[in-house]
Amino acid sequence: QQIQLTDSSHSSGALGLENRDTGGSPSGNNGRFRAPLVNITLPQDWSAVTQQTGRPGLIWDAVTAAHGGTRSLQLFSGNSTFIGHASQTANTSVVSGVPYLVSGWIKTTGVTSGGSNGAKIVLVEQPSGTQTTIATQTGTQGWTLYSQLVTLAANTTTAQARVLIQGAGTANFDDVTFAPALTITASLSSAPFGTTLSPNASSSD
């Protein structure tokens, strides 16, 4: 093995390694480099990262203080052009035309701002593919709660919440929930002063 660094100005950033046979054989550049195998543990109801652009990553972070519990999902990116997301994989069947409440907490560190960049919570309906952005957070900010009511389209059969990073930086997500909204219908009855109302809203003098 031979490692050489000839550029004295290279004080930070990425450094590439090449497995080169320096023995002078005709196949001198045909060496092979075996990449390391990386395994991560994720909550059972979340998918691995989908790398839409570039190489963003995902970990179940136990170092950053979570909002609730001991861990949170962290998406990280080293380039402002990278985009990646993870999706909830449990309880995705829904009732169409019904309002659902989507909520979650986001914490960001150095997330690129401007344009469409940011750490986001997105609701995706299927089969239409309709996407509703619930939250967008950029820069460096502490845990912040976001929530929004979304009425699903009439043809929606499944839906899932996604956490997404677009741009550089790190974003932690915690307590992301997606559930039918509780609706309460109230009716009012009026009666002359001094009238007693019974539980069934009828009146008596």
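**Reading a predicted model: burial and strand pairing**

Q: Why is N117 called buried in this predicted model?
A: N117 has a relative accessible area of 17%. Buried means under 20%. The value 17% falls under that cut-off, so N117 is buried.

Q: Where is N117, and which residues does N117 touch?
A: N117 sits in the loop between β5 (99-111) and β6. Leaving out residues up to four places away in sequence, N117 touches S80, T112, T136, T138, Q166 and G167. Contact here means heavy atoms within 4.5 Å.

Q: How do you know that β6 and β7 pair?
A: Pairing needs at least two bridges. Strand β6 (residues 118-126) and β7 have six bridges, so they count as a pair. Their sense is antiparallel. Within the pair, L123 stands opposite T132 in β7.

Q: What makes β1 and β7 edge strands?
A: The order of this open sheet of five strands is β1-β4-β9-β6-β7, with antiparallel pairing. β1 (50-53) and β7 (131-137) each pair on one side only. Neighbouring strands here are turned by 25 degrees against each other on average, direction ignored.

Q: Why is one side of β2 and of β8 left without a neighbour in the sheet?
A: Another open sheet of five strands has the order β2-β3-β10-β5-β8, again with antiparallel pairing. β2 (57-61) and β8 (139-151) stand at its edges.

How values were computed: Residues are numbered from 1 along each chain as its sequence is written. This is a predicted model: local features need pLDDT of at least 70, side-chain atom pairs count only at pLDDT 80 or more; totals for chains, interfaces and linings use all residues. Side-chain values use heavy atoms; hydrogens and water are left out. Helices (H or I, at least four residues) and strands (E, at least two) are DSSP runs, numbered from the N terminus. Axes are lines fitted to C-alpha atoms, for helices over the stretch in contact, and angles run from 0 to 180 degrees between N-to-C directions. Buried means under 20% relative accessible area, exposed over 50%, partly exposed in between (1.4 Å probe, protein chains only).
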